[in-house]
Amino acid sequence: MIDSLSLIAALDAENGIGKNNDLMWNLPSDMRFFKDTTKGHVVIMGRKNYDSIPEKYRPLAGRTNVVLSRKKDFEAPDCLVFDSFESCLSQLELAPEQKAFIIGGAEIYKLALESGLVKEMFLTHIDKTYGADTFFPNYNGQHFQKTCLFEQAIDEKHEATFRVYRYELS
Ligand SMILES: NC(=O)c1ccc[n+]([C@@H]2O[C@H](COP(=O)([O-])OP(=O)(O)OC[C@H]3O[C@@H](n4cnc5c(N)ncnc54)[C@H](OP(=O)(O)O)[C@@H]3O)[C@@H](O)[C@H]2O)c1
């Protein structure tokens, strides 16, 4: 059973997270941070997020991949599939030191934040607007303490500045 969740997301300057069921940027140091932070853990994603990951990268390597879909016949090779958030939380077992990371998209972030189980979030705040059609839900009602983990400057691989924060429920 899972009674505590971590969450990781990257947001543009309007809290946008995606467009046309895809990411809107290519920021390698943030991608590396995502990989390093979630490695060895359980990652929980919505079916649309799963669909958006190129086939050659699915399931995300070195992590237990969990996909939520209400479609009874939905299959995702080498992933665990659950048809409700509640059954996912009640049936999943974590190994010692393992965390359950909510990795999006917007519907799944919302479910997680509304559950009250999110104890920490890793949010990348990008200083650019990308014209998103999908947005990170409002989390202002919950009291997180925020620590900046690192900042990225513009360089040949990064078209925008961003800061990565860890938010801890206080
Ligand atoms: N910037 C970031 O950090 C980040 C991270 C992840 C994703 N994204 C972006 O977010 C977008 C996708 O987000 P989204 O909100 O459209 O979709 P999503 O949250 O990835 O997936 C939604 C789907 O999840 C399933 N679902 C939702 N609630 C459920 C429940 N209670 N029980 C079982 N299944 C449930 C349904 O699948 P069925 O329709 O199959 O029933 C639903 O259609 C894409 O643009 C993606 O690139 C961005």
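Modeller: Happy to! One term before we start: two strands pair if DSSP finds at least two bridges between them. With that in hand, S7 (residues 118-126) and S10 (residues 162-169) pair in the antiparallel sense over seven bridges. Helices (H or I, at least four residues) and strands (E, at least two) are DSSP runs, numbered from the N terminus.

Biologist: And what should I know about the model and its numbering?

Modeller: This is a predicted model, where local features need pLDDT of at least 70, side-chain atom pairs count only at pLDDT 80 or more, and totals for chains, interfaces and linings use all residues. Residues are numbered from 1 along each chain as its sequence is written.

Biologist: Great. Which residue stands opposite Arg166 in S10?

Modeller: That's Phe122. S7 also runs parallel to S1, with seven bridges joining them; there, Ala10 has Thr124 of S7 as its bridge partner.

Biologist: What's the strand order in the open sheet?

Modeller: Eight strands, in the order S5-S4-S3-S6-S1-S7-S10-S9, with mixed pairing. S5 (80-82) and S9 (144-152) are at the edges with a single partner strand each, so one side of each has no neighbour in the sheet. The twist averages 20° from one strand to the next, using axes that are lines fitted to C-alpha atoms (for helices over the stretch in contact), with angles from 0 to 180 degrees between N-to-C directions.

Biologist: Which strands does helix H1 touch?

Modeller: H1 (residues 28-38) packs on the sheet and touches S1, S3 (42-46), S6, S7, S9 and S10. Contact here means C-beta atoms, placed from the backbone, within 7 Å. The direction of H1 makes about 175° with that of S1.

Biologist: Switching to the ligand: how many residues surround it?

Modeller: 28 residues, the closest being Gly18, Gly46, Asn49, Gly104 and Gly105. S1 (5-11), S2 (16-18), H2 (47-52) and H4 are the elements that give two or more residues to that shell.

Biologist: Nice. In H4, which residues are buried?

Modeller: In H4 (residues 106-115), they are Ala106, Ile108, Tyr109, Leu111, Ala112 and Leu113. Buried means 20 or more other C-beta atoms within 10 Å of a residue's own, exposed means 12 or fewer, and partly exposed is in between, with C-beta atoms placed from the backbone.

Biologist: And what follows H4?

Modeller: Gly116, with a positive phi near 75°.

Methods:
Near = placed C-beta within 6 Å. Contact = placed C-beta atoms within 7 Å.
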